[in-house]
Amino acid sequence: MPASILVEVGHLHEAASTRDTTVRLICPSCGSVHVAQVLGDNGGVSYVCTACGHSWS
Ligand SMILES: [Zn+2]
């Protein structure tokens with residue numbers, strides 16, 4: 001995972017402060033902000049871009 005993504009996530013978490021499962025992240029594949037936060041089976045968190053379908057964690 002590129003360090004730049006960690007920076008984006010931390011920054012946007014502060015800005016968002018939302019209890020919604022959808023947070024404003026930026027897709028590393030297409031640059032869309034339409035990204036859903038998804039809880040994984042192991043309790044981890046991953047992200048799925050609703051614009052292009054790219055997923056990452
Ligand atoms: Zn995307």
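Residues are numbered from 1 along each chain as its sequence is written. Because the model is predicted, local features need pLDDT of at least 70 and side-chain atom pairs count only at pLDDT 80 or more, while totals for chains, interfaces and linings use all residues.

**Overall fold**

The protein chain contains 1 helix and 4 strands, where helices (H or I, at least four residues) and strands (E, at least two) are DSSP runs numbered from the N terminus. Along the sequence these elements follow the pattern α-β-β-β-β. Of the 57 residues in the protein chain, 7% are buried; a residue is buried if 20 or more other C-beta atoms lie within 10 Å of its own, exposed if 12 or fewer, and partly exposed in between, with C-beta atoms placed from the backbone. Two residues are in contact if their C-beta atoms, placed from the backbone, lie within 7 Å, and among the contacts between residues at least 6 apart in sequence, 10% join residues at least 24 apart.

**Strand pairing**

Two strands pair if DSSP finds at least two bridges between them. Strand 2 (residues 34-39) and strand 3 (residues 45-49) pair in the antiparallel sense over 5 bridges. Within this pairing, A36 has V48 of strand 3 as its bridge partner, and L39 stands opposite V45 in strand 3. The two strands form a hairpin with 5 residues between them, and in its turn G43 has a positive phi of about 85°.

Strand 3 is also joined to strand 4 (residues 55-56), antiparallel to it, by 2 bridges. Here V48 stands opposite S55 in strand 4, so that V48, already named as the bridge partner of A36, takes part in the description of both pairings. The hairpin of strand 3 and strand 4 likewise has 5 residues between the strands, and G53 takes a positive phi near 85°.

The table gives C-alpha separations for residue pairs.

| Residue pair | Separation in sequence | C-alpha to C-alpha distance |
|---|---|---|
| S55 and Q37 | 18 residues | 9.7 Å |
| S57 and Y47 | 10 residues | 5.8 Å |
| G44 and S57 | 13 residues | 8.3 Å |

S55, found in strand 4, counts as partly exposed because it has 14 C-beta neighbours inside 10 Å. Leaving aside its neighbours within four places in sequence, S55 is in contact with S46, Y47 and V48, and V48 is the residue that S55 stands opposite.

S57 lies in the segment after strand 4 and counts as exposed, because 11 C-beta neighbours fall inside 10 Å. When residues up to four places away in sequence are not counted, S57 touches G44, V45, S46 and Y47.

G44, one of those contacts of S57, lies in the loop between strand 2 and strand 3. With 9 other C-beta atoms within 10 Å, G44 is therefore exposed.
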